[in-house]
Amino acid sequence: QVQLVESGGGSVQAGGSLRLSCTAFGYTYMPNCMGWFRQALGKAREGVASVVTGGGSTYYADSVKGRFTISQDNAKSTLYLQMNSLKPEDTAVYYCAADYRLSGRCSDYANWRLWGQGTQVTVSS
């Protein structure tokens, strides 16, 4: 069974940077879609960024384009999210997710089946 383990959350002032990591364990076939989601207090969970693990295509929510970068190290089975120019509205619990689906649907943030435990990111003004 695939397990996703996240690390790297924390607290930072507005304008600062953080990098999240997510390592996948226990898979026979690497999920072909991996991504990051977030859920702020009182709000619905939203997709932030995703990647086709085989092909490398990346997708971003409009709210983070130009500030966040998703990347992967396939040799380490690890996904990263580099977050720069952080804003208070980026405060949320960030979740790593994965799924097996057609590569063209990696940008579709609905119904992902594999989830990490979440890591808190807090940005103060």
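**View 1. Two disulfides in a predicted model.** This is a predicted model, and two disulfides turn up in its structure. Number the bonded cysteines of the protein chain in sequence order and the pairing reads 1-3, 2-4.

**View 2. The link of Cys 22 and Cys 96.** Zoom in on the disulfide that joins Cys 22 to Cys 96, with an S to S distance of 2.0 Å. These two cysteines tie together distant parts of the chain, 74 residues apart: Cys 22 belongs to strand β3 (residues 18–25), while Cys 96 belongs to strand β9 (residues 92–99). The torsion about the S-S bond comes out at about -70°, so this disulfide is left-handed.

**View 3. The link of Cys 33 and Cys 106.** Here the bond runs from Cys 33 to Cys 106, S to S 1.9 Å. Again, distant parts of the chain are linked, this time 73 residues apart. Cys 33 sits in strand β4 (residues 33–39), and Cys 106 lies in the loop between β9 and β10 (114–115). With -75° about the S-S bond, the link of Cys 33 and Cys 106 counts as left-handed.

**View 4. Burial at Cys 33 and Cys 106.** Staying with this pair, are the two cysteines buried or exposed? Both are buried: Cys 33 at the strand β4 end of the link, and Cys 106 at the loop end.

Definitions and conventions:
Residues are numbered from 1 along each chain as its sequence is written. This is a predicted model: local features need pLDDT of at least 70, side-chain atom pairs count only at pLDDT 80 or more; totals for chains, interfaces and linings use all residues. Side-chain values use heavy atoms; hydrogens and water are left out. A disulfide is a pair of cysteine sulfur atoms within 2.5 Å. Helices (H or I, at least four residues) and strands (E, at least two) are DSSP runs, numbered from the N terminus. Buried means under 20% relative accessible area, exposed over 50%, partly exposed in between (1.4 Å probe, protein chains only).
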